[in-house]
Amino acid sequence: MADKWRFWAAGVCLAIVTGTAHADSLDAQRTRYLQIKQAWDNKQMDQVAQLMPTLRDYPLYPYLEYRELAQSLDQQSSFVINDFIKKNPTLPPVRALSSSFINELARREDWRGLLVFSPTEPKPVAARCNWYYAKWATGEEQVAWKGAKTIWLRGTSLPPGCDRLFSAWQAAGEQTPITTLERIRLAMVAGNSNLVNFLADQLPEDYQTIASAVKDLQNNPQNVEAFARIAGPTDFTRQATAIAFARMAREDAENARAMIPTLVRLQKMSEQEEQSLKEAVAWRLMGSDVTTEQARWRDDVVMRSDSDALIERRVRMSLGNNDRRGLNTWIARLPVETKQKDEWQYWQADLLLEQGRKEEADKILRGLMQERGFYPMVAAQRLGVAYPLQIDEAPSVERSLTQGPEIARVRELMYWNMDNLARTEWSYLVGSKSRSQQQQLARYAYEQNWWVLSVQATISGKLWNSLKERFPLAYQEQFKRYTEGKAIPVSYAMAIARQESAWNPKARSPVGASGLMQVMPATAQHTVKVYSLPGYSNSSQLLDAETNIQIGTQYLESVYQQFGQNRIFSSAAYNAGPSRVRTWLGNSAGRLDAVAFIETIPFSETRNYVKNVLAYDAYYRHFMRQSDNILSDGEWQRRY
């Protein structure tokens, strides 16, 4: 990248050509594109105006046009915006531009113009609010009120741009106390205390008793019995009671259990509603610290449950306790469809083998082997046979498929390392194509070394057997370099990166994890300090692929070594933290085999993470011609 910027610095010395578009080289266009961006960032708008006409043939020119329109929206006409949208129908920002202009027309109070510009309801919330307000302002009152209610009934806060619509809706008497109570319920489900309190204050005088009780309940779910006693039984109070009760059960399961008969009586709950209360407690009684009586009560609740998730939790509890009779009982209790999941097929086979019914067990395992992923690979290892990888070969790429403006834009965005914007373009493009074309686009991206887009095409097109394109050998040289001298295999480090970011070097998580291996800034800082890694100064560098791989592989090596070079432990630690893994190991106390330990990891995210990483490692070993079982002999044979 440094070489690129030196090239552009030299390019600034080139003569600036003005006038109409030029049929010059792509390099020259890129030079001027960079000059325009720099001038724009420095607010040198005269230079921007001078250079813009020279880039009409450059693939990213529509993005420059969009930026120009977006920054001067208050000066634009519907004709100009519509013309831009018609000329660039596949440009991703077009959708945002349309919504922004709806909001601009609302600011101008051009209600008829707004409806002419957008004859159909837009999707973004603020634009929808303005669209329905325009309906009201032009006489379509009932349409407006129906739309207002639909938007308003949600458990989250709404943008200020909706205030005008809701004020008119409320002034017309359409916000009834029953409607307000329904939104309070949604806010309670979402755990949005501020919204619950705000809405409770909007209830009329004759609802103040329930309003006060609701606020007290939301702020202190321990008062659920008092609420049930004060509030007369209605659909709303029963639902509010159940929501608060579930919160309380998380903190004090035994007290919650004792309270159930009283709540059922006070709120006149049905058998189904009573069962829901019991299930909220049963979830909390799955640990090893329950009494015999609590365990009996819990199992009675689970036996009566229709919740797949709760029964599966009970199956995993038996598995974690190495309770073979319980495992058999609870797997049998699973609904037929759920019982067909890979994990429960495998454990049914495991039980059959224990009973000496090898032929039946082998039949299940061989059937499982025909699928993709962790358990099919484990089934093959259990049978002592090679796992038959099914790899779909993508058809040859039709030239016409790669000639459109979308591909040209993607090519330039990837050149400029704008991976996230390229992914957006690519997703729209892939989503608009047939399955065969999607396979071709995945192959094309793979051939261009656009690894993030190769993966994205397989995800968008659900091309699960396009393994070559799903698992490209991305950044292989960097991974080889930074795993040299370390115990972690290259394939394993790549599997972690593939799971973490799907090969997007610009990926950022909501909590701040960044880059290919989703390294947290604090983890990066600690790793760099402990291992004296050179060249790192701030977290923005984690979006550089090489820096991210260097730090990420070093951290992965550290957890791999902490846990005896066991990928099950180190993968779980990379995702959930080393201390949690030690806790889980203490709980299992050597009772489990490798597969049972993985299946009983308490966090579903971490459980699936470990399964994926191990399967991805197997895929990468296959493409590196290092095929082997999904688990090493050491991982397979030890007790957990």
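What do the buried residues of α10 pack against? The close-ups below start there.

This is a predicted model, where local features need pLDDT of at least 70, side-chain atom pairs count only at pLDDT 80 or more, and totals for chains, interfaces and linings use all residues. Residues are numbered from 1 along each chain as its sequence is written, and side-chain values use heavy atoms, with hydrogens and water left out.

**View A. Helix α10 and its neighbours.** Helices here are DSSP runs (H or I, at least four residues), numbered from the N terminus. In α10 (residues 163-171), L165, F166, A168 and W169 are the buried ones, meaning under 20% relative accessible area with a 1.4 Å probe, protein chains only. They sit on the same side of α10, because they cover an arc of only 160 degrees around the axis, going by the directions from the helix axis to the C-beta atoms. The buried residues of α10 pack against α8 (125-137), α9 (141-152) and α11 (177-189); contact means heavy atoms within 4.5 Å. After α10 comes G173, with a positive phi near 80 degrees.

**View B. W111 in helix α7.** Look for W111 in α7, which spans residues 111-117. Is W111 buried or exposed? W111 is buried, with a relative accessible area of 12%. Leaving aside residues up to four places away in sequence, W111 touches A106, N130, Y133, A134, A137, T138 and R164.

**View C. W111 and R621.** Here's a pair that is 510 residues apart in sequence. From C-alpha to C-alpha, W111 and R621 are 61 Å apart in space.

Key:
Buried < 20%, exposed > 50% of the residue type's maximum accessible area, 1.4 Å probe, protein only. Helix = DSSP H or I, 4+ residues; strand = E, 2+ residues; numbered from the N terminus.
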